[in-house]
Amino acid sequence: MPYLDNASTTPVSPEAADAASHILRQVWGNPSALYRAGMEAEAAIEEARSILAKALGCTPKEVFFTGSGTEANNIAIFGAARVRASWGNELVTTGYEHPSVSGPLEMLAAREGFTLHQVAPGADGKVDISELVSKVGPKTALVSAMQVNNETGATLDVATLAATVKAKNPRCFVHVDGIQGFCKLGVKPSDTKIDSYSLSGHKLHAPKGVGALYLRAGGNFVPLMAGGGQEADSQNRCVRPGTENTAHIAALGRAVKLASAQREATVSKVTLLKAALLKGLEEIPGCRVHSPQDAYPGTVFFSLPAGYRSEMMIHHLDEGFDVQVSSGSACHGGQPSHTLCAMGVPGDQIDTALRVSFSGWNTPEDVDTLLRGLKEGFAARAHGRPGKR
């Protein structure tokens with residue numbers, strides 16, 4: 001089955017599944033307990049924390065496990081903005097953020113008196129860092145931006161962004177949504193001026209229901225939730241209370257270890273797959289590619305010729321060729337792509353948009369099957385009949 005929607009979620013690797021299974025069967029104690037079963041569970045968590053810290057280039061005390069990337073984004077955004085509200089009421093972000101970032105920012109603006117500044121991407125799908133920084137002033141509490149756009153693969157130089165923001169306003173908190181970029185790009189947030197960085201397990205062949213947040217030590221931050229003392233920082237502030245999901249944390253650690261070791265090979269592989277896809281799309285008159293040329297190569301967003309609605313083609317590819325692609329972010333529930341809307345793409349092109357996203361598990365044969373399915377879908381529609389395998 002050519003699964004080509006890896007920006008939405010990835011299949012769980014056997015190694016990550018084995019790690020979770022071992023914990024569920026053998027290491028089921030409460031990590032906070034002081035007897036052996038609890039200490040074994042705590043050791044499993046700390047091993048995973050050390051793996052993530054190495055990948056992030058930080059200390060283990062700066063890594064906090066969450067229930068998802070969405071939760072990590074919410075913890076960072078609310079925690080950073082609220083503690084600065086006494087002197088800063090302005091927020092800056094891009095115009096194509098994931099709902100787990102845009103939602104909290106819009107809530108702060110609507111309910112807590114913050115002013116939100118959004119910088120839309122250009123027609124090329126890229127956000128201008130200088131324009132983002134131009135919105136930063138002495139009352140800017142938070143800048144939040146995604147490292148890799150989840151629909152087009154457009155990348156942002158978050159290290160330069162953070163350095164430039166801090167030079168202009170050292171008190172401003174810089175959060176990066178790294179969910180689509182972690183273990184794909186070589187940036188280590190601890191080597192930059194980034195204050196917090198979110199990631200999600202199910203984008204890296206780990207299970208759903210686990211994520212993590214890098215939070216720079218000593219940063220000014222207020223916890224979003226109250227509860228037990230789990231996932232507390234060096235100042236004993238509980239960043240994420242609740243009994244840890246030991247099995248999924250262990251699986252995340254295993255997945256990150258593999259993804260880190262295979263990063264360069266994966267990037268090389270998906271670069272070749274992207275080139276093959278783009279070459280095939282050139283043979284289909286009327287196709288338009290919306291991903292920037294220098295986008296992360298694992299994601300390609302394009303529009304079909306007019307009249308070939310994305311929903312129709314998705315069903316055709318799935319039912320006739322076992323090929324699975326999407327029309328954009330799964331978190332928008334079938335609504336038009338917010339990224340393409342922000343880019344000013346015409347509505348007829350948005351209606352026919354398809355997102356293809358690769359992982360290191362994909363093959364050239366997957367691309368061949370996709371292109372064959374697209375071409376047969378066009379031919380079938382031209383003759384007024386459904387496509388056949």
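**Pockets, strands and single residues in a predicted model**

Helix α7 (residues 246-282) contributes eight residues to the lining of the largest pocket, the most of any element. Helices here are DSSP runs of H or I with at least four residues, strands are runs of E with at least two, and both are numbered from the N terminus. The structure is a predicted model, in which local features need pLDDT of at least 70 and side-chain atom pairs count only at pLDDT 80 or more, while totals for chains, interfaces and linings use all residues. Residues are numbered from 1 along each chain as its sequence is written, and side-chain values use heavy atoms, with hydrogens and water left out.

The largest pocket has a volume of about 420 Å³. Of its 27 lining residues, those closest to the centre are His205, Ala259, Gln262, Thr266 and Gly360. By type, the lining divides into 11 nonpolar, 12 polar and four charged residues. In this grouping, Ala, Val, Leu, Ile, Met, Phe, Trp, Tyr, Cys and Pro count as nonpolar, Asp, Glu, Lys and Arg as charged, and the others, Gly among them, as polar. The search for such spaces uses a 1 Å grid over the protein atoms alone: a pocket is an open set of points with protein on both sides within 12 Å along at least five of seven lines, a cavity is a set where a 1.4 Å probe fits but cannot get out, and lining residues have an atom within 4 Å of a point. Grid points are joined across faces, edges and corners, and a volume is the space filled by probe spheres set on the points.

The structure also holds one cavity of 30 Å³ or more. The largest cavity has a volume of about 80 Å³. Among the residues that line this cavity are Lys61, Phe64, Leu215, Phe221, Asp233 and Arg237. The lining of the largest cavity divides into four nonpolar, four polar and four charged residues.

Attention now turns to the strands. All seven residues of strand β4 (residues 140-146) are buried, so β4 is largely enclosed by the rest of the structure. Buried means under 20% relative accessible area, exposed means over 50%, and partly exposed lies in between (1.4 Å probe, protein chains only). Strand β2 (residues 90-94) runs parallel to β4 and is joined to it by four bridges; strands count as paired if DSSP finds at least two bridges between them. In this pairing, Leu91 stands opposite Leu142 of β4. Strand β5 (residues 173-177) also pairs with β4 in the parallel sense, over five bridges, and here Ala145 faces Val176 of β5. Together with helix α6 (residues 158-168), β4 and β5 make a right-handed β-α-β unit. A crossover is right-handed if, with the strands pointing away from the viewer, the path from the first strand over the helix to the second runs clockwise.

Strand β2 has a further parallel partner in strand β3 (residues 115-119), to which five bridges join it. Leu91 stands opposite Leu116 in β3. From β2 the chain passes through helix α4 (residues 99-111) to reach β3, again in a right-handed β-α-β crossover.

Elsewhere, three strands form an open sheet in the order β8-β9-β10, with antiparallel pairing. Its edge strands, each pairing on one side only, are β8 (288-289) and β10 (353-357). Five bridges link strand β9 (residues 299-303) to β10 in the antiparallel sense, with Thr299 opposite Ser357 of β10.

Several single residues deserve a look of their own. His316 is found in helix α8 (residues 310-321) and counts as buried, at 14% relative accessibility. The side chain of His316 reaches the backbone oxygen of Gly373 at 2.9 Å. Two residues other than glycine have a positive phi: Cys183, near 65°, and Glu231, near 50°. Cys183 lies in the loop between β5 and β6 (196-200) and is buried, with a relative accessible area of 11%. Glu231 sits in the loop between β7 (211-215) and α7; at 5% relative accessibility, Glu231 counts as buried. Trp361, in the loop between β10 and α11 (364-382), is partly exposed, with a relative accessible area of 44%. Trp361 and Thr10 are 351 residues apart in sequence, yet their C-alpha atoms are 9.6 Å apart in space.

Methods
A polar contact is a pair of N or O atoms within 3.5 Å; within protein, one must be able to donate a hydrogen and the other to accept it, and residues adjacent in sequence count only if both atoms are side-chain atoms.
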